[in-house]
Amino acid sequence: MTGLEERILRVHLPGLDGMCGGCRVWWGRLVPYPCWQVEWATSRRARRLTATVLGGRG
């Protein structure tokens, strides 16, 4: 192993999900925020709650 490989492996320690902190930050930049799935789920929950309060179907 070269010195560069050793330095990289010392810094990139995997977390519980197998990704190191630097890789997690890098992938976080590639994912659009806010997440469209969270927006969709939040709007569906709001619609269901509003319908429940107004006496409609949930």
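A residue counts as buried under 20% relative accessible area, as exposed over 50%, and as partly exposed in between. This scale is applied below to a predicted model, and it places C23, at 31% relative accessibility, among the partly exposed residues.

**Overall architecture and confidence**

The chain holds three helices and zero strands, so that its pattern, read along the sequence, is α-α-α. Of the 58 residues in the chain, 3% are buried, and the accessible surface comes to about 5600 Å², with 64% of that area belonging to carbon and sulfur atoms. The average pLDDT of the chain is 80, and 88% of the residues score at least 70. Confidence is highest in α3, at 86, and lowest in α2, at a mean of 80.

**The cysteines**

A search of the whole structure finds zero disulfides. C20 takes part in none, although the sulfur of C23, which is the nearest cysteine sulfur, is 3.3 Å away; because a disulfide requires a pair of cysteine sulfur atoms within 2.5 Å, a separation of 3.3 Å leaves C23 without a disulfide as well. The two cysteines also fall into separate accessibility classes, C20 being buried at 6% and C23 being partly exposed at 31%.

| Residue | Relative accessible area | Class |
|---|---|---|
| C20 | 6% | buried |
| C23 | 31% | partly exposed |
| W26 | 48% | partly exposed |

W26 is found in helix α2, which covers residues 21–30. With a relative accessible area of 48%, W26 is partly exposed, because this value lies between the limits of 20% and 50%. W26 also belongs to a nonpolar patch on the surface, which it forms with W27, L30 and V31, and the four residues together have about 460 Å² of accessible area.

**Helix α3**

After α3 comes G55, whose phi is positive, near 90 degrees. Helix α3 is also the element in which the confidence is highest, at 86.

Conventions
Residues numbered from 1 in each chain as written. Predicted model: local features only at pLDDT ≥ 70, side-chain atom pairs only at ≥ 80, totals over all residues. Heavy atoms only, no water. Helix = DSSP H or I, 4+ residues; strand = E, 2+ residues; numbered from the N terminus. Patch = residues over 30% accessible without salt bridge, like charges linked within 9 Å, V, L, I, M, F, W, Y side chains within 5 Å. Areas by Shrake-Rupley, 256 points an atom, 1.4 Å probe, with all protein chains shown as cover. Salt bridge = Lys/Arg side-chain N within 4 Å of Asp/Glu carboxyl O. Buried < 20%, exposed > 50% of the residue type's maximum accessible area, 1.4 Å probe, protein only. pLDDT = per-residue confidence, 0-100.
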